[in-house]
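Please find below a note on the model under review.

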Amino acid sequence: MRGLSGNIAKLYVFSFLQMMLFPMAIITLFWKDHIGLSLTQILLLQSIFSVATLALDYPAGYISDRVGYRCALNIAAALGMAGWGIYIYADSFTTVLLAEITLGMSLSFISGSDSALLYETLRAQGDERSYARHQGRMHGFAQIGEATGAVLAGVIYAFEPRLPFVLQVAVWGAGLLVTSRLAETPREHAPQRSHLAEALATARYAFRENRHLRYTILLNTVLGVASFYPVWLIQPYMQHARVPLTWFGPVWAGANLTVALCALASHRLHNRLGDRGMVLIFLGLVVAGYLGLGLSGGIWGFLFYYLLTCMRGLRGPMMLSHTQKESTSANRAATLSLQSVSFRLLFVVSGPLVGKLADAAGVARSFYFLFYAFLFTLPLLAALFLKNAPRREAELV
C-alpha cells in the first residue's frame, strides 16, 4: 500500500510528459510544407493511424489487464521514443506512415491503462469517490504539458523543422523513467476461460448487456470526434486566415490551457449541474464552436476553436467516471479501450471524407457542414444517454 501511494503523483507527471508534444502545434504545416502532403492525405494518414490504434487498442487493453498496467505503460513509452525517432528522418508519406503506426501502437498501450491504474489505486485505498477529481487533474496536467510544448513550437520549427521531433524523443525517454517506477495494484481476476471468450464477453457486456455503458461510450465517441477534427484542420484554417506563424505556438498553448482549466473544474461543475446540465453544455459548446468556425474567416476566427477545447476538458472526467463505475476490476482497461476503439472506428470512416471536403470546399465551409452533422446526431445520443443514466445526482467528491 505504501508503494501505491506514489502512483497518483507519478501518473500526473506521466500525463504531463505524454502530452508535452513539441511537434503538435506545427505538425500539419510540417506535413504540408516539408513532406508535401495534401489535406486529404493528412486526414487519410490520421485514419490509418486510427486503424493501427483500432487494431491494437482492445487487445492492448486486454493484455494490460493480464500482464499489468505498469508493463503496458513501459511498452507505450518505448514505442513513443521509437515513433518520434522515425520522424527525425522522415521524408515521404511512407516514412511518416511508419512513424504514425508506431505512435498508434504506443497510444494503444496507454489507452485505458493509465486511467485503470488510477482507479485501481484509489480502489485499493478505499477512495474511489475521488476518481473524477484525480482524473480531471490528470487531464489538466496533460493539457498543461501540451501547452508547455506548444509555446515555443513555432519558433523552434522556424529555426530547425526537425528539432521538435528530437526534443520529443527526449520527453518520451523521461516518460519511460516515470512508468518504470509505478507500482502495480492488487485487483480481481477474470473467470477461468479462454482469452478470446473473455474478450468477447467484455465487449458483449459493454455494447449489449449494459445500456448505460453502451450510450456512455457512443456519446463520448461522437463528442470526442467533434473535438478531434479541428486538431488537424485548425492550422490550415489559421494559415488561410493569415494568422502569423509566430502565433501558432501560443494559440495551441492557449487551447490546451483551456482544456486543462476545464478538466480541473469538471467534477465541481458536474456536482452542481448533474448529468443533464453538463450534457446541455457539451451540446451548446459544439454547436457554437462549429458554427463560429464556419461563419467567421477572419484572423480571430480561431477563437471559436476554444469552445471545442472547453467541451473537451469538461467532458473527459465526467464521461470516464461513468465508464469506470460500470466496468469490472478484472477487465477495466479492456472496457476503457473499447471506448477508444469506438472513437477510432468512427474517425477511420469519417476522417478521409472530412479531409476531401476541406480540400474541395475549404476548411471554413467544412466546419460549417460539420455543424449540421453534429446538430443532428448529438441531441439523439444525448437523449439516450440521459434516459439510461442512473437516476441520481453526482455525489460530492
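The numbered points that follow concern packing, aromatic pairs, salt bridges and a surface patch.

1. Basis of the note. This is a predicted model, in which local features need pLDDT of at least 70, side-chain atom pairs count only at pLDDT 80 or more, and totals for chains, interfaces and linings use all residues. Residues are numbered from 1 along each chain as its sequence is written, and side-chain values use heavy atoms, with hydrogens and water left out.

2. Nonpolar cores. A nonpolar core is a set of buried Ala, Val, Leu, Ile, Met, Phe, Trp, Tyr and Cys residues joined through side-chain atoms within 4.5 Å; buried means under 20% relative accessible area, exposed over 50%, and partly exposed in between (1.4 Å probe, protein chains only). The largest such core comprises 112 residues, and W31, Y87, F282, Y290 and F374 have the most contacts inside it. Another core, of nine residues, lies apart from it and includes Y62, A206, I217 and L338.

3. Surroundings of F374. Contact here means heavy atoms within 4.5 Å. Not counting residues up to four places away in sequence, F374 touches V222, V225, A226, Y229, V286, Y290 and P379. F374 also belongs to a cluster linked by ring pairs, together with F228, Y229, Y237, Y290, F343, F347 and F367.

4. Aromatic pairs. Rings of Phe, Tyr and Trp (its six-membered ring) pair if their centres lie within 6.5 Å; planes under 30 degrees apart count as stacked, over 60 as edge-to-face and the rest as tilted. The structure holds 18 aromatic pairs. Y12 and F141 are a stacked pair, because their ring centres are 5.0 Å apart and their planes stand at 15°. This pair links distant parts of the chain, with Y12 in helix α1 (residues 7-18) and F141 in helix α7, 129 residues apart; helices (H or I, at least four residues) and strands (E, at least two) are DSSP runs, numbered from the N terminus. Y12 is buried at a relative accessible area of 12%, whereas F141 is partly exposed at 35%.

5. F14 and W172 form an edge-to-face pair, with 6.2 Å from centre to centre and 75° between the planes. Here too distant parts of the chain are linked: F14 lies in helix α1 and W172 in helix α9, 158 residues apart. Both F14 and W172 are buried.

6. Q168. Q168 counts as buried because its relative accessible area is 0%.

7. V259, in helix α12 (residues 245-295), is buried at a relative accessible area of 2%. Its contacts beyond neighbours within four places in sequence are Q143, T309, R312 and G313. The C-alpha atoms of V259 and F141 are separated by 9.9 Å, although the two residues are 118 apart along the chain. I234, in helix α11 (residues 211-240), is buried at a relative accessible area of 1%. Leaving aside neighbours within four places in sequence, I234 is in contact with W252, L293, F302 and Y305. I234 and V363 are 129 residues apart in sequence and 8.2 Å apart in space, C-alpha to C-alpha.

8. Salt bridges. A salt bridge is a side-chain nitrogen of Lys or Arg within 4 Å of a carboxyl oxygen of Asp or Glu, and the structure holds two. In the bridge between R123 and E120, the closest N and O atoms are 3.4 Å apart. R123 and E120 are separated by about one helical turn, because they are three residues apart in helix α6 (residues 113-124). R123 is partly exposed at a relative accessible area of 28%, while E120 is buried at 0%. The bridge between R204 and E209 has its closest N and O atoms 3.5 Å apart. R204 is partly exposed at 36% relative accessibility, and E209 is exposed at 52%.

9. Surface patch. V151, L152 and V155 form a nonpolar patch on the surface, with about 260 Å² of accessible area together. Patches are made of residues with over 30% relative accessible area and no salt bridge, like charges being joined within 9 Å and nonpolar side chains (Val, Leu, Ile, Met, Phe, Trp, Tyr) within 5 Å; accessible areas come from the Shrake-Rupley method with a 1.4 Å probe, and for residues only the protein chains shown count as cover. V151 lies in helix α7 (residues 131-151) and is partly exposed, with a relative accessible area of 42%.
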